[in-house]
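Biologist: Walk me through this one, a feature at a time. Give me the general idea, then the case here.

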Amino acid sequence: MTKNHQKQLRCWAEINLAAFERNLKGIQTALPEKMRYLAVVKADAYGHGMPQIVNRLMQSGVDAFAVANVKEASDIRHMGTGWPILILSPVLPEEAIQLIENDLTATISTSDEARWLNELSKANQSQLKVHLKVDTGMGRLGVWHTQAIQLLQTIQTLPHLSLQGIYTHFSSADCDVQFTNLQRDRLLEVLKSVPTKGLLIHADNSSSLQSFNEKNPFNAVRVGLLQFGVLPYPKSALGHVHVEPVLSFYTRVGLIKELPRHTDISYGRTYQLKRDSRIAVLTAGYGDGIPLSLSNKGAVLIHGKRCPIIGRVTMDQTIVDVTDIREVSAGDVAIIIGKDLSQSISLNEFSQSADSHAWESLCSITKRVTRIYKGSREI
Ligand SMILES: *Cc1c(COP(=O)(O)O)cnc(C)c1O
């Protein structure tokens with residue numbers, strides 16, 4: 001954060017690309033050798049900005065990218081041709097031609113999908129790359145594990161599909177190691193009767209790296225959140241990998257004013273001042289990514305001190321109590337997520353106060369918020 005940014009902006013997120021790269025290296029070093037790294041960069045790289053994050057990942061040596069849809073995948077393809085790009089969601093019929101035009105990899109969960117994608121690929125004299133997804137207990141995408149072999153055989157009979165990988169996704173990796181291991185075993189059971197040579201086999205995401213077993217024959221991981229320096233599990237993922245926060249979130253004090261005891265604050269009068277108070281009106285609200293659920297709950301840091309949010313968060317403004325901070329004035333910086341002097345508000349704390357989780361909080365920082373990038377490359 002520089003003085004210049006403070007002067008120009010009402011609300012901004014600072015993205016530290018050097019920290020991001022250190023996290024990436026830390027995770028890669030902690031993984032077994034030869035483990036491939038699929039960087040998950042869906043939803044604008046978890047709100048950090050797709051092009052900047054993808055550029056850095058390309059320079060830092062990741063093996064492949066994974067995203068949610070053909071639009072995100074095509075954006076990456078236009079940045080570089082050397083990386084496989086896996087689409088993690090079902091593809092709609094009208095979008096499918098882009099799979100072929102941009103050399104993207106589709107996920108197959110049903111024989112229906114396999115057949116119509118094969119037809120499309122045939123009509124374009126192409127070989128469409130696909131991964132088979134196995135539902136081992138998530139109950140969302142993938143073929144149910146007991147029927148996986150059958151679908152695999154179907155795919156192998158379709159000449160215009162080229163099978164590149166097999167994967168599954170964990171439903172409870174951040175809270176239930178036992179169920180995660182059951183899911184792992186179900187995939188292993190499928191793999192027993194399948195030739196896997198040359199295929200990418202992957203299951204682990206940020207949370208499950210915590211219960212990662214080096215003996216598993218999986219040869220790739222799909223990592224999203226952990227790259228951004230957020231530990232999804234109370235215990236450190238991988239036990240020994242150290243990650244640091246990449247994103248900080250700031251706003252400013254728009255004005256300061258004194259109000260008498262018993263004054264109601266903001267929409268719906270959900271908060272009443274208990275004493276004669278000084279309040280600061282911040283220049284950001286839920287239109288920027290401070291969730292309504294932080295009303296009367298969250299806090300920000302101003303001059304290294306915690307200032308509680310009082311009353312409802314509104315679209316463009318948030319009100320905090322600064323009665324106990326003498327030196328505060330209009331224009332000062334307020335930290336929503338980040339550190340200052342000895343105090344810090346982590347993304348996890350911010351999310352927990354808002355009854356949310358880190359993934360949603362990152363996706364909720366809106367377009368209105370300018371992303372400021374810093375962090376030169378470290379060789
Ligand atoms: C989002 C996603 C990931 C990445 O999850 P993180 O918890 O952010 O590491 C991996 N796999 C699938 C299928 C996903 O949708």
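Modeller: Let's begin with contacts: two residues are in contact when heavy atoms lie within 4.5 Å. Keep in mind that this is a predicted model, where local features need pLDDT of at least 70, side-chain atom pairs count only at pLDDT 80 or more, and totals for chains, interfaces and linings use all residues. Residues are numbered from 1 along each chain as its sequence is written, and side-chain values use heavy atoms, leaving out hydrogens and water.

Biologist: Which residues does Asp44 touch, not counting those up to four places away in sequence?

Modeller: Gly49, Met50, Pro51 and Glu72 are the ones Asp44 touches once residues up to four places away are set aside. Asp44 has its place in helix H3 (residues 42–46); helices (H or I, at least four residues) and strands (E, at least two) are DSSP runs, numbered from the N terminus. Across the sequence, Asp44 and Ala358 are 314 residues apart, yet 15 Å apart in space, C-alpha to C-alpha.

Biologist: Is Asp44 buried, partly exposed or exposed?

Modeller: The scale first: buried is under 20% relative accessible area, exposed is over 50%, and partly exposed is in between (1.4 Å probe, protein chains only). Asp44 counts as partly exposed because its relative accessibility is 36%.

Biologist: And what is the phi of Asp44 like?

Modeller: As a rule, most residues other than glycine have a negative phi. Asp44 has a positive one, near 55 degrees. Ala43 also has a positive phi, about 50 degrees, although it is not a glycine. Ala43 is in helix H3 too, and at 33% relative accessibility it counts as partly exposed.

Biologist: On to strands. Which residues of E5 sit on each side, and are they buried or exposed?

Modeller: The general idea is that side chains in a regular strand alternate between the two faces of the sheet. In strand E5 (residues 105–108), Thr105 and Thr107 are on one side, Ala106 and Ile108 on the other, and all of them are buried, so both faces are covered. E5 pairs in the parallel sense with strand E6 (residues 128–135) over 4 bridges; pairing takes at least two DSSP bridges. Ile108 is opposite Leu132 of E6. From E5 the chain runs through helix H7 (residues 111–123) to E6, a right-handed β-α-β crossover. Right-handed means that, with the strands pointing away from you, the path from the first strand over the helix to the second goes clockwise.

Biologist: How many salt bridges are there?

Modeller: Opposite charges on side chains can pair when the charged atoms come close. The cut-off is a side-chain nitrogen of Lys or Arg within 4 Å of a carboxyl oxygen of Asp or Glu, and the count comes to 17 salt bridges. One of the pairs is Glu189 with Lys192 (3.2 Å, N to O). These two are 3 residues apart in helix H9 (residues 177–192), so about one helical turn separates them. Glu189 is partly exposed at 47%, whereas Lys192 is exposed at 67%.

Biologist: Where does Arg275 lie, and where is Asp321?

Modeller: Those two form a salt bridge (3.5 Å, N to O). Arg275 is in the loop between strand E13 (271–272) and strand E14 (277–282), while Asp321 is in strand E17, so the pair ties together parts 46 residues apart in sequence. Asp321 is buried at 12%, and Arg275 is partly exposed at 34%. Arg275 also meets Asp324 in a salt bridge (3.2 Å, N to O). Asp324 lies in the loop between E17 and strand E18 (333–340), so this pair ties together parts 49 residues apart. Asp324 is exposed at 58%.

Biologist: Which residues are linked in a network of salt bridges?

Modeller: Arg77, Asp103 and Lys129 are.

Biologist: Finally, where is Ser248, in terms of strands?

Modeller: Ser248 is in strand E11 (residues 247–259). At 15% relative accessible area, Ser248 is buried. Beyond four places in sequence, Ser248 touches Trp12, Ala13, Glu14, Ile337 and Gly338.
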